[in-house]
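Dear colleague,

Please read them with the structure open beside you.

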Amino acid sequence: MSTEVMDLSAVPETWTRRHLLDVESLSAEEIHVILDSAVAFKESTANCTQKMPLLTGRTCANLFFEPSTRTRTSFSLAARRLGADTIDFSSTGSSLSKGETFIDTAKNIEAMGVDVVIVRHRTPGTAELLAENLRCSVINAGDGAHEHPTQGLLDILSIRERRGQIAGLTVALVGDIAHSRTARSNIWGLKKLGAHVIVCGPSTLVSPRWAELGVEVSNDLDAIIPRCDVLNLLRIQFERQSTRPFPSVREYAHLYAMNHERLARAKRDILILAPGPINRGVEITPDVADGPHSAILEQVTNGLAVRMAVLWLILGGNS
Amino acid sequence: MNVRANRPLLIEGGRVIDPSQGMDRITNLLVEDGRIVAYDAISTGDQEVLDASDKIVAPGLIDMHVHLREPGREEDETIRTGTAAAVAGGFTSIACIPNTEPPIDTQATVEFIRHQAVLADQCNVFVVACVSKNREGKELAELGQLVQAGAVAFSDDGAPVYDAELMRRALEYCRMFDKPILNHAEVRELTQGGVMHEGLVSLVLGLPGMPSVAEDVMASRDIALADATGGRIHMMHVSSVGSVDLIRRAKGRGVRVTTEVCPHHFTLTDDSLRSFDSNFKMSPPLRSQKHVNACIAGLADGTIDVICTDHAPHALEKKMRELDQAPFGIVGLETALGLVVTRLIEPGHLDWPAALAKMTINPARILGINKGTLAIGADADITVIDPTVRWTVDPTKFRSKSRNTPFAGWKLQGRADSVIVGGRIKYQAPAEAAEQGRRPARAR
């Protein structure tokens, strides 16, 4: 972690990207640039909500083809705090419904003169598809079960803030790994920064093949809890499951919900994250979610800082 | 250039490889009145002469798995454009698959296809008709009448014949006509929503997977049914370690099973999907390297009888979509031969006679058609191949109406130089393509 707050007068030379499509292709250095910038934004805006006019005259388009509250709001607010204009396009139905393709929709929005498109879509690869077909910058705000880079980065920032560094920590991602874009972005980012990553959940949602990527695989939360520095509790994505991968929610909660009994067996300084929205009583009991180990609300605050950092890095350097 | 049917054509100095006769030698081949009439023929001066020196003279290539899309989806391909693409790829005969709109399940539709093919006047088109009425998988189509109309085989491809009882009856019934059932082996419950092979790459990309076991389970059922009924099953586009192995063992104990593989399944892996490009989306999906290796091993040991393309044209606007919205399939007619030469023959997996057998006499025998041979008296369907020419795949030059290929920009070796159908030259490679990167001609 940098001891000095980053200078926000110019985008660092180490940042050369026009898009943020995934964490998998970022270097550890690039991740640190984003996190350090986020810290700088957080400190600059900590005591006031005054705007920082770094992106005045720029326009950010939210292109959300899947329901979202916090990510879309967070990106909008981040853009406005930087002085940029925002436009919102939401379509929960298929873009096919009016016969227009997803790419055409995006091109139409781009033609209104936007500098960056922030896209969420149920299909993996859609951010990549837009990056190839649009001239403006593209930020992936979640593509199916593939990646959700700003969520992964804000989770990592929340860990770094509390624990000082990532290297050497044991971080378990618990739950629906199969359908979680947040899990994938976390796995890449945490590994690049030197954490030991465990994926834990029912065997139908946690492929043993993660081991081939250097990730520890577990189906037994109780067995790994005592070793973990951080638990990141992922939401069960009922909407992405074509067949139910476990017998009942009740059984899932019995085996994998983070409750005070399990907390009692964890390290005293264990940090608990949950990228919202959370299913209270399924992945996490309310006492744990609202308890002192939980960083759930810090995650939301850090989300805003990370998104300001990403927008600034992507748009601030190529004016 | 068209040669008048009554003027003899002398194909001079080529290496004639005809697996149907076990022939591989340099000779002159004489064609007259649309038939092969003589070997070791001498120029008499009143013949049309085709110089085939440094070329391979093969029986006209056969692709037994082509989606011509007509009737119903003429925006993707027509019988005219599809057959034009076929001859440009070196094919003199193709079998078209009946998942058209309407599907080919009546005599009238079979006759429509055959008539359009005659009008297109490019290559021979053999019709594969539906196993079930309206391709719904519920009751048998009128297979006997379809045979009378000229159908050479039956398939519900696009979908498997799902009902085991229907498959059993189809196999039993077709014994009467000695026609094969071509099945797309896939257990749908296991591939529901899938867009790519289930493996490490799908795990990383978060894309829903289609596990290879979905193919293996259906292949196993079909082999058991063929064994029980004595019918002929032809497993379409095998792509998995499991199904190649099942077929190998079934053949070993005498089950009447044959199979085919597509060039993309012996050249590409699921790693290509990292680009999220829908031109890598097909069914069965591109699998991992061990499955590719199994396909190559199956070709080499004879388990896999046929190389086919599963030519599946889709208009650009359909493929330029989110990966889950884009349709499965790629075009293949104009790249298949180059891929066979570059990826099977040059690396030594197959020699020329073995490779050509899988594109000539083997599919002819499976379909029961009088093609795939250069025996005296046979139809003069001949593909003259330039085995050394190097060329770059340029989809904008395709004769197919669609451009959905994953091989754009690939540098390939070997392509059709001249294609003769019924004694008439239907295709000659453009001169610039033949000159590009060509090796010095061998002294004669």
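Predicted model: local features only at pLDDT ≥ 70, side-chain atom pairs only at ≥ 80, totals over all residues.

Residues are numbered from 1 along each chain as its sequence is written, chains are lettered from A and ligands numbered from 1 in the order in which they are written, and side-chain values use heavy atoms, leaving out hydrogens and water.

Chain B is divided into domain 1 (9-57 + 377-435) and domain 2 (60-367), with bounds that come from an automatic or database domain assignment. Contact (heavy atoms within 4.5 Å) links 37 residues of domain 1 of chain B with 51 residues of domain 2 of chain B. Together these two domains bury about 3,300 Å², 63% of it on carbon and sulfur atoms, where buried area is the accessible area (1.4 Å probe) that two parts lose on being put together, summed over both. Of the area that domain 1 of chain B buries against domain 2 of chain B, R399(B), K401(B) and N404(B) supply 19%, more than any other three residues.

The rule finds 2 salt bridges across this interface of domain 1 and domain 2 of chain B, a salt bridge being a side-chain nitrogen of Lys or Arg within 4 Å of a carboxyl oxygen of Asp or Glu. K426(B) forms a salt bridge with D121(B), and their closest N and O atoms are 3.2 Å apart.

Turning to the two chains, the contact takes 27 residues from chain A and 17 residues from chain B. The area buried between chain A and chain B is about 1,900 Å², with carbon and sulfur atoms giving 59% of that area. Here too the rule finds 2 salt bridges across the interface, and D324(B) forms a salt bridge with R122(A), the closest N and O atoms being 3.3 Å apart.

On the side of chain A that touches chain B, the elements that give two or more residues are α3 (102-111), α4 (126-133) and α6 (181-192) of chain A, where helices (H or I, at least four residues) and strands (E, at least two) are DSSP runs, numbered from the N terminus. The largest share of that side, 5 residues, comes from α4(A).

With best wishes
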